[in-house]
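Take a moment with the sequence and the 3D view below.

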Amino acid sequence: MAISEALQLKKFEKILFKTDIRPLWCPGCGDFATLKAMKAVMYNLQWDPTQTLFVAGIGCSSKMNDALGTYGLHVIHGRAVPAAIGAKLSNYDLNVVAYGGDGDMTGIGGNHLAHACRRNIDMTIIVTNNKTYGLTTGQASPTSDLGYKTKTSPFGVIDKPVNPILNAIASGATFVARTSTSDSKHLAYVLEEAMKHKGTSFIEILQFCITFNRINTPDYYSTRLFDLKELNHNISSKTNALAMADLWGDKIPMGVFYKEDIPDYKEVYPQLKDGSIVKNRVKKPRDVSKIFESLM
Ligand SMILES: Cc1ncc(C[n+]2csc(CCOP(=O)(O)OP(=O)(O)O)c2C)c(N)n1
Ligand code: SF4
């Protein structure tokens, strides 16, 4: 089914991925659009909610977990990626998504993100970037624009913003894309392509914090965003991808920057060669007493 049709469906909301919890987001928050697209894509890809794990950190966006009827882990701030990796390595058959805000993923969790990108574990990592700390009432985050004035940066941010797309490509992610909550079809399309990808897919979702971020508003993005498809961008060229990723100003590219098909972790990690670890019972327990003795 085309993803645009899936977006119109109501039944996926009723049956598969729905919970009784309504996330406490401000009316108009971009997170609502992502939740809707996420459900449509999971439905369209026929992901089984009982075989899907959504791991979120801490932040407004990370409340997504409450509203998705998959298995969920709500971990401490910045640790969605390592928790997701642990789950995936134990049960490689699970569909795994690691999710967090820009503060969560590029600040406190930035180191995890870089190392996850170089491993090509088959999972999707999503940074929902509203360029501020929403949950803690609008402080500057590592992705905030220069000059952004907040309670913690009263004279305006003076540190250069982190560029998550540039970092993900440089760190080795094999699928890297940007989308925006202002374009629900594009959002769903990019989510679907990323979640289908075999290997580590990374998405930056440009999202609005309408309550605190008065710079990166829907109006700000409406004149700037353009689709890389308009440039016939070559997604298999890392050099081109890096050049496009470096663009941020009057024009901001979105779409797929980079895609590479190489063996994923299952093919290179010896412990996974017989399939998921949780499904392989230890056939003959090994005597480890000698190892312990040697360490005494
Ligand atoms: C170890 C730790 N440090 C700080 C915090 C406080 N804290 C909670 S959420 C958050 C940032 C939220 O911003 P972001 O990750 O961008 O998500 P958003 O709320 O904007 O969706 C911070 C600093 C915390 N919960 N734990
Ligand atoms: S504070 Fe910002 S990010 Fe948080 S729910 Fe409200 S609009 Fe969304």
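Which residues of β3 are buried on one side, and which on the other? On one side they are N95, V97, Y99 and G101; on the other they are V96, A98 and G100. Buried means under 20% relative accessible area, exposed means over 50%, and partly exposed lies in between (1.4 Å probe, protein chains only). In a regular strand the side chains alternate between the two faces of the sheet. Strand β3 covers residues 95–101, and seven of its seven residues are buried.

A word on the ground rules. This is a predicted model: local features need pLDDT of at least 70, side-chain atom pairs count only at pLDDT 80 or more, and totals for chains, interfaces and linings use all residues. Residues are numbered from 1 along each chain as its sequence is written, chains are lettered from A and ligands numbered from 1 in the order in which they are written, and side-chain values use heavy atoms, with hydrogens and water left out.

Now look at the partners of β3. Strand β1 (residues 52–56) runs parallel to β3, and five bridges join the two. There, A56 stands opposite Y99. Strand β4 also runs parallel to β3, again with five bridges. Two strands pair if DSSP finds at least two bridges between them. Helices (H or I, at least four residues) and strands (E, at least two) are DSSP runs, numbered from the N terminus.

Next comes helix α7, residues 110–117. Its buried residues include L113, A116 and C117. Seen down the axis of α7, the buried residues fall within an arc of 95°, so they line one face of the helix. The arc is that of the directions from the helix axis to the C-beta atoms. An α-helix has 3.6 residues a turn, so residues three or four places apart point the same way. What covers the buried residues of α7? Among the elements that do are α5 (80–90), α6 (102–108), β4 (123–129), α8 (164–171) and β6 (200–206).

Move on to the loop between β4 and α8. T143 sits there. T143 is buried, with a relative accessible area of 0%. Its side chain makes a polar contact of 3.2 Å with that of D102. A polar contact is a pair of N or O atoms within 3.5 Å; within protein, one must be able to donate a hydrogen and the other to accept it, and residues adjacent in sequence count only if both atoms are side-chain atoms. Leaving aside neighbours within four places in sequence, T143 is in contact (heavy atoms within 4.5 Å) with residues including D102, N129 and P164.

T137 lies in the loop between β4 and α8 too. T137 is partly exposed, at 32% relative accessible area. Its phi is positive, about 75°, although T137 is not a glycine. N120, in the loop between α7 and β4, has a positive phi near 55° and is not a glycine either. N120 counts as buried, at 5% relative accessibility.

Strand β6 holds E204. E204 is buried, with a relative accessible area of 1%.

Finally, step back. The chain has 13 helices and eight strands. Buried residues make up 51% of its 296 residues.
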